[in-house]
Amino acid sequence: MSKVRGVKLQMNGSVMVLLAAIGFGFNPLFAQILFAQGMSVEVVTLCRFILPGVILSFYLRAPAALWPEVGRMLIIGFANALGVLAYFYALQNLTAASAILIYYTYPFFSLLIGILIFKRSLSINALLSAALVLIAASLVIEPSELSMESKWALLGCFLAPMVFAFQIQYLAKPKQDLMALNRVAWGTLGHLIVLIPLVIYTSPKVILPHEINGWWALLGLAFIAAALPQYLFVIGAVKTKPEVIAVLGAVELIVAMLSCAVFLDLPLTRLDITAMLLVIIALAIRHSKKAAIVLESEQKSRGYTELV
């Protein structure tokens with residue numbers, strides 16, 4: 001009976017992670033609709049985080065002994081905000097397929113950061129994953145065809161996967177224990193600390209969309225692509241094996257690429273599709289079974305199962 005219940009919990013967790021990946025995949029679509037309404041990158045990025053920030057404000061608490069960890073999450077949140085800004089800026093200046101695929105170079109940066117900063121051991125699976133990601137990125141990047149502004153957007157776009165990779169490595173073994181929702185709440189506050197002053201400083205001309213489809217995109221960015229999937233992922237991840245999360249996470253890439261192609265009529269070339277398939281394979285092989293078991297035991301020892 002307990003075995004059946006465990007399988008059911010595993011299935012429910014996998015469904016939550018899958019739904020979260022689908023929701024996150026709509027970020028580029030909603031962002032580009034809002035850009036077409038005249039909204040700036042800074043305003044769109046703020047809209048992406050402000051609703052989750054309000055919802056998660058109830059979890060902004062931690063004992064004094066955990067304040068150093070709170071500070072680290074604020075710094076990670078600050079860096080994440082800059083990464084998403086660079087990612088959305090790239091969506092404005094590069095093809096959607098290029099910006100989206102560059103974001104999914106994070107397995108390579110995760111490997112590099114893990115070795116250089118966190119002294120992780122190198123596995124064959126991780127090395128193969130990183131190589132596939134680099135090959136995929138090389139298929140969609142043509143520097144000779146880019147303007148100077150686009151080249152800066154291209155370089156800046158790599159900031160998002162670098163920050164995300166650092167976050168993956170740090171959260172695999174944080175310095176102090178902190179409940180998952182509290183951790184996400186403080187990280188989101190770090191986003192807002194940089195985004196709110198930035199929006200005020202830039203004095204954007206357009207704060208809200210002026211057409212009905214823009215309002216739908218704004219609500220979609222805040223709810224479908226941010227608040228709801230973030231909640232589903234936090235709850236579902238603790239019920240799902242890491243290797244399953246890696247495979248389901250590849251759905252985000254598929255949704256991002258196909259939604260832009262279908263709803264915005266953006267072309268997908270043969271190289272774009274090939275690169276997408278390579279990244280999906282890289283994500284699917286990122287975790288070996290042995291590494292997954294070790295990571296799962298570490299999560300349980302840190303008390304992540306309190307959320308189940």
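**Helix packing and burial in a predicted model**

Mentor: Start with a helix pair. The axes of helix α3 (residues 41-56) and helix α4 (residues 67-93) come within 9 Å and cross at roughly 130 degrees. This is a predicted model: local features need pLDDT of at least 70, side-chain atom pairs need 80 or more, and totals for chains, interfaces and linings use all residues. Residues are numbered from 1 along each chain as its sequence is written, and side-chain values use heavy atoms, without hydrogens or water.

Trainee: What are the axes, and what counts as a helix?

Mentor: Axes are lines fitted to C-alpha atoms, for helices over the stretch in contact, with angles from 0 to 180 degrees between N-to-C directions. Helices are DSSP runs (H or I, at least four residues), strands are E runs of at least two, and both are numbered from the N terminus.

Trainee: Why are α3 and α4 called oblique?

Mentor: Set the angle against the classes. Under 35 degrees is roughly parallel, over 145 roughly antiparallel, 65 to 115 roughly perpendicular, and the rest oblique. The crossing is at roughly 130 degrees, so α3 and α4 are oblique to each other.

Trainee: Which residues in α3 and α4 meet?

Mentor: V41, E42, V44, T45, R48 and F49 in α3 meet A81, V84, L85, F88, Y89 and Q92 in α4. Contact means heavy atoms within 4.5 Å. By class, this contact has 8 nonpolar, 2 polar and 2 charged residues. Ala, Val, Leu, Ile, Met, Phe, Trp, Tyr, Cys and Pro count as nonpolar, Asp, Glu, Lys and Arg as charged, and the others, Gly among them, as polar.

Trainee: What span is expected of α10, and what does α10 reach?

Mentor: The expected span is 1.5 Å times one less than the number of residues. Helix α10 (residues 180-202) has 23 residues and reaches 33 Å from first C-alpha to last, close to the 33 Å expected. S203 follows α10, with a positive phi near 45 degrees.

Trainee: How many helices and strands does the protein chain have?

Mentor: There are 14 helices and 0 strands. Buried residues make up 49% of the 308 residues.

How values were computed. Buried means under 20% relative accessible area, exposed over 50%, partly exposed in between (1.4 Å probe, protein chains only).
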